[in-house]
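Here's a quick tour of one protein chain, written for someone new to reading structures. Have a look at the picture first, then work through the points below.

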Amino acid sequence: MAETRIALVTGANRGIGFEIVRQLERLGVVTVLSARDPVKAQAAADKLLSEGIEVGVVPIDVDSDESCAAGLKQVEELFGGRLDILVNNAGIMQDGPSTGTTAMNVSIETIAHTFNTNVLGPLRLIQRAIPLMQKNNYGRIVNMSSALGQLAEMGGNWPAYRLSKASINVLTRVFAAEIGPGNIKINSMHPGWVQTDMGGANAERPVDQGAETAVWLATLPDDGPTGGFFKDKKPMAW
Ligand SMILES: NC(=O)c1ccc[n+]([C@@H]2O[C@H](COP(=O)([O-])OP(=O)(O)OC[C@H]3O[C@@H](n4cnc5c(N)ncnc54)[C@H](OP(=O)(O)O)[C@@H]3O)[C@@H](O)[C@H]2O)c1
């Protein structure tokens, strides 16, 4: 019988993260629902419980070193030092076209805040998760990126968001190179344009479809890819 895996999903109180938790649990992965606001995290967990899905809750504000350290420590204690899967889903977008933000007028504050959440948050957690994964020679790290961070198709607008998502792809490549080809795999992905608070009501995809590639990367077989960028379970250009 396959071993039960332990997963942590950030920013999981709503949107794609919430759906990733739901889908991982349906596959039998013991999943920790993490959110920066403990009240929202518990409300999300209660919603899943009403569907018959019981999840642990760990508050993590990915903007904060202390919160990331405390959250990972809590996971370690809950599961006897284990963490098999980390989904870096939490993210913000403060500079979409409707805000009138361009590369010419974006504030350093917007860039710094976006970078802290979308890049340094994942970095804080990956640095702490890999030693736990190495203990069991098993790890799957999923970095939620975006087509807006894709250099191959780079355009204007969303300057802070684009910078942050290009940078999370750099994290994926650098960690993959340093970890090497073993059984700890780290990949980036684009979920498509998804109907969430961030994606808006006019987005193309329902949230369950937006979560699918994350769940696939989170449960890759031992001969699965590492250091890649994926959409719909297929490689996409950087
Ligand atoms: N929707 C799309 O079309 C789309 C497309 C490409 C990529 N993505 C990426 O997919 C991921 C999920 O997006 P989504 O559409 O589900 O967005 P969403 O509905 O806006 O949800 C974002 C989640 O991130 C959390 N979050 C924000 N800052 C955080 C922090 N400092 N610490 C912990 N959690 C934090 C939010 O928590 P609060 O409720 O506390 O704010 C919320 O749970 C993001 O990384 C996004 O960039 C989305």
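Helices (H or I, at least four residues) and strands (E, at least two) are DSSP runs, numbered from the N terminus. What you're looking at is a predicted model, where local features need pLDDT of at least 70 and side-chain atom pairs count only at pLDDT 80 or more, while totals for chains, interfaces and linings use all residues. Residues are numbered from 1 along each chain as its sequence is written, and side-chain values use heavy atoms, with hydrogens and water left out.

- Look for Phe 230 in strand β7, which covers residues 229-231.
- Its relative accessibility is 5%, so Phe 230 counts as buried (buried is under 20% relative accessible area, exposed is over 50%, and partly exposed is in between, with a 1.4 Å probe and protein chains only).
- Phe 230 and Gly 28 sit 202 residues apart along the chain, and 23 Å separates their C-alpha atoms.

**The nonpolar cores**

- A nonpolar core is a set of buried Ala, Val, Leu, Ile, Met, Phe, Trp, Tyr and Cys residues joined through side-chain atoms within 4.5 Å.
- The largest one has 31 residues, and Ile 20, Leu 24 and Leu 33 touch the most other members.
- At least two residues of this core come from each of several elements, among them β1 (6-9), α1 (15-26), β2 (30-35) and α6 (207-218).
- There's also a second, separate core of 25 residues, which includes Leu 8, Ile 126, Leu 171 and Phe 175.

**Two helices side by side**

- Helix α3 (residues 65-78) packs against helix α4 (residues 108-136) at an angle of about 20°, and their axes are 9 Å apart (axes are lines fitted to C-alpha atoms, for helices over the stretch in contact, and angles run from 0 to 180 degrees between N-to-C directions).
- That's why α3 and α4 are roughly parallel to each other (angles under 35 degrees count as roughly parallel, over 145 as roughly antiparallel, 65 to 115 as roughly perpendicular and the rest as oblique).
- Where they meet, α3 brings residues including Cys 68 and Leu 72, and α4 brings residues including Leu 125 and Arg 128.

- Asn 157 isn't a glycine, yet its phi is positive, about 65°.
- Trp 158 isn't a glycine either, and has a positive phi of about 45°.

Terms used: Contact = heavy atoms within 4.5 Å.
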